[in-house]
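Please examine the sequence and the structure shown below. The report that follows describes the chain as a whole and then turns to individual residues.

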Amino acid sequence: QQFVVYLQPKISSLDRKAKGAEALIRYKPADGSLILPGNFLPLLEETKTISQVDFYVFEFVCSKINEWAKQGKQGIPVAVNFSRFSLAQPGFIKKLRSICTKYDVSPESLEIEITESIRGVEDIDLKWLIEELRQAGFIVALDDFGTEYANLSLLSSVEFDVLKLDKSMVDDVADNPRALDIVESIVEICHKLNVQVVAEGIETEAQLEALRECGVQLAQGYLFSRPV
C-alpha cells in the first residue's frame with residue numbers, strides 16, 4: 001500500500017470539461033514523503049519487477065471505474081501506462097481482460113498508452129499488439145509522440161485511436177510559429193486518420209489557445225489540474 005495511484009484529467013479544449021484521465025503512480029514510504037516515478041521506476045525496470053506495479057495500477061483503475069458506476073456517476077476513460085516488460089508478456093492482453101471481467105468493466109473505458117520508443121524492442125510486435133488490444137475493445141494511445149523525433153511512419157503503418165503530443169512539442173507553441181506549424185500539420189494528419197490528439201504539459205492560457213486553433217481536442221497539464 002505504499003504505491004499510490006493519482007489521476008490527472010484530460011480536458012476538452014473547447015469547453016474545459018474533463019473527458020478522460022491518466023493514471024500516474026507515486027511512491028509513499030513510511031515517512032510520509034511522496035516520491036515521483038522518475039526516482040523509482042528505473043530501479044523497478046532494472047530488477048524486472050515493474051510489471052507488478054503496472055498491473056497494480058491497472059487493477060486500481062478498474063476498481064475505481066467500478067466504484068463510480070455503483071455510485072451512479074458518469075465514468076470517463078482512464079489511461080494506463082505499461083512498461084515494455086509488461087507489454088512483452090505472452091498473456092498480457094488475456095490478463096487485462098481477466099481484470100476487466102473481475103471488476104465488470106468494459107475495455108472501452110480503458111486506454112492503454114504505448115510509447116513510440118518500444119517499436120524497436122525485441123519480443124514486441126507493435127503492430128500486432130495494437131491490433132489485438134483494439135480487437136479486445138481497448139482504446140490505444142501512442143504516448144510521448146515527438147520525445148526524440150516524431151516517427152511519422154508510425155501513422156501510416158499502425159492503426160491506433162489517440163496520439164499524445166509530448167510536452168517538448170508544445171512548450172513554445174504559443175510564440176514559435178515553426179512549432180505551431182508542425183503541431184498543426186500533425187493534427188491535420190490525425191484528423192484525416194480519425195485519430196484523437198491530446199497535448200500534454202499545458203501550463204499557460206496562451207498554449208491552450210494556440211493548440212485549440214490547431215484543432216487539438218484534449219489537453220492535459222498543470223493549467224487545469226495537478227495529478228490528484
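## Burial and surface

Of the 228 residues in the protein chain, 45% are buried. This description rests on a predicted model.

The chain carries 24 positive and 35 negative charges.

## Overall fold

Nine helices and eight strands make up the secondary structure of the protein chain. Its C-alpha trace spans about 45 × 40 × 35 Å along the principal axes. A compact globule with 228 residues would have a radius of gyration near 17 Å, and the protein chain has 17 Å, so its value agrees with that expectation.

## Confidence of the prediction

The average pLDDT of the protein chain is 90, and 94% of the residues score at least 70. Confidence is highest in helix α4 (residues 92-102), with a mean of 97. It is lowest in helix α6 (residues 153-157), where the mean is 76.

## A buried glutamate

E111 belongs to strand β4, which covers residues 110-115. Is E111 buried or exposed? Its relative accessibility is 6%, and because buried means under 20%, E111 counts as buried.

Which residues are in contact with E111, leaving aside its neighbours within four places in sequence? They are K10, V78, A79, V80, I139, A141 and V162.

## Two loop residues with positive phi

Most residues other than glycine have a negative phi. D104 has a positive value instead, with phi near 55°. This residue is found in the loop between α4 and β4. At 69% relative accessibility, D104 counts as exposed, because the cut-off for that class is over 50%.

N194 also has a positive phi, near 60°, and is a residue other than glycine. Where is N194 placed? N194 lies in the loop between α8 (177-192) and β7 (196-200). Its relative accessibility is 70%, so N194 counts as exposed.

Notes
Residues are numbered from 1 along each chain as its sequence is written. This is a predicted model: local features need pLDDT of at least 70, side-chain atom pairs count only at pLDDT 80 or more; totals for chains, interfaces and linings use all residues. Side-chain values use heavy atoms; hydrogens and water are left out. Helices (H or I, at least four residues) and strands (E, at least two) are DSSP runs, numbered from the N terminus. Buried means under 20% relative accessible area, exposed over 50%, partly exposed in between (1.4 Å probe, protein chains only). Contact means heavy atoms within 4.5 Å. The radius of gyration is taken over C-alpha atoms; the globule rule is 2.2 Å times the number of residues to the power 0.38. Lys and Arg count as positive and Asp and Glu as negative; His and the chain ends are not counted. The place of a charge is taken as NZ of Lys, CZ of Arg, CG of Asp or CD of Glu. pLDDT is the predictor's confidence in each residue, from 0 to 100.
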